[in-house]
Amino acid sequence: MVRPRFEVDEDIRRAHTPAASLYCDAKVYDAQKKSVFSRTWHYFSHAFGLDEPGKARPVTLLPGCLDEPLLLVRDAQADLHCLSNVCTHRGNLIVDGEWTLDSLRCGYHGRRFHLDGTFAFMPGFEEAEKFPSEKDYLPRIPIAAWRGLVFASLAPAVGADEVVARVEQRVAGTRYGEWTFEPEAGYDLEIEANWVLCCENGLEGLHTPHIHSPFSGRSILPSPRTELWEHGALQTDPGSEGDPVFDLPEGHPDRGERIAAYHFWLFPATFLTIYPWGLALHALQPAGQRRTRVCFRSFAAATELRPPGTLEALRRTAEEDAVVIRSVQQGVESRLYRGGRYSPASEKCVHHFHRLLAGWMAGGRGAR
Ligand code: FES
Ligand SMILES: [Fe+2]
């Protein structure tokens, strides 16, 4: 298969944005499944509620894109595993809901597995030769649990520790990363647009005064401080007057600065915004060439520091973004759209995203 490729000039002052095929061509999207989504880390689930041995939760990795049926399960030794949820006999899905189990049992013909995915028992196979073998175990998928968030990757090209290192650096030694999951605050929002357009929107604040009204200060401001690296970007937000700000300890890299939010983006499509009250996570899930699911999850560290109406404002912001992103999808499908230019002042992260994406789509693991 020919790999669809594109290039973006490394100098943002000269660079042009990608051609419309990046957002509109089903072949490009299909190629990204292999070159990007299979090899990168995705927010997958959380570990809250999975503390006890035997706790199992089925989760599909990127529904509508990779569509991989997986199972998060805590074994008797308290290790968390991510296993294929597909029976190695004839392919039935094994676990259909969140349960506490002492073994995994397929409901079709009764094959049993231990909680770590190894084969346990199956009636009627006494005469089968060289049975069971490792092929009869449930395949394991790499996961990384970071502060209660679980990331998964089918075939990771980089280590998850490397990917979250900058986020960890900002919360390590503070009281701001000790959060718990808030199940009632989460929602999924479907947008009829390509995932790349959704990411672009989340990476710049140039649109904030135009799209988000009333301007709440809870979206990215037009000119925050920006850091770019191989696996993502950080936009450090001073916030508006009256917003709670971080009280950072001695030795913290940002001690002494006024910071109301850290807007992290991890390639390809995970947005983590850390506020003094906790973490707002937006995981963008491609769900088709022209469909993206925005999964919002809230993790609270100190709810007393969360201004009233914050979660409602975040949702309103996401819905306002969805409206303009749908409009952009229609726009880039126009025969007359020829690509655009970047604002060197406010679109550094968008430019960086495109360069990283170009590199991964070419088979690498960095900017191109
Ligand atoms: S498909 Fe699972 S036991 Fe047959
Ligand atoms: Fe926005």
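Q: In which helix is the place of His351?
A: His351 has its place in helix H7 (residues 348–361), where helices (H or I, at least four residues) and strands (E, at least two) are DSSP runs numbered from the N terminus. This is a predicted model, in which local features need pLDDT of at least 70, side-chain atom pairs count only at pLDDT 80 or more, and totals for chains, interfaces and linings use all residues. Residues are numbered from 1 along each chain as its sequence is written, chains are lettered from A and ligands numbered from 1 in the order in which they are written, and side-chain values use heavy atoms, with hydrogens and water left out.

Q: Why is His351 called buried?
A: Buried means under 20% relative accessible area, exposed over 50% and partly exposed in between (1.4 Å probe, protein chains only); His351 has a relative accessible area of 7%, and is therefore buried. Leaving aside neighbours within four places in sequence, His351 is in contact (heavy atoms within 4.5 Å) with Val8, Asp9, Glu10, Asp11, Ile12, Ala15 and Tyr342.

Q: What makes helix H4 largely enclosed by the rest of the structure?
A: Seven of the eight residues of helix H4 (residues 195–202) are buried, so H4 is largely enclosed. The buried residues in H4 are Trp195, Val196, Leu197, Cys198, Cys199, Glu200 and Asn201.

Q: Which atoms coordinate the iron ion (ligand 2)?
A: Donors are N, O and S atoms within 2.8 Å of the metal (3.2 Å for Na, K and Ca), and since water is not among the atoms, sites may look incomplete. The iron ion (ligand 2) is coordinated at 2.1 to 2.6 Å by His207 (NE2), His212 (NE2), Asp321 (OD) and Asp321 (OD). His212 lies in the loop between helix H5 (208–211) and strand S13 (225–229), whereas Asp321 lies in helix H6 (residues 310–332), 109 residues apart. His212 and Asp321 are both buried.

Q: Why is the site of the iron ion (ligand 2) called irregular?
A: Four donors count as tetrahedral if all angles lie between 85 and 135 degrees; four count as square planar and six as octahedral if opposite donors are over 155 degrees apart and all others between 65 and 115; anything else is irregular. The angles among the four donor atoms run from 54 to 140 degrees, and the site is irregular.

Q: How do you know that S1 pairs with strand S10?
A: Two strands pair if DSSP finds at least two bridges between them, and four bridges join S1 to strand S10 (residues 149–152), the two running antiparallel.
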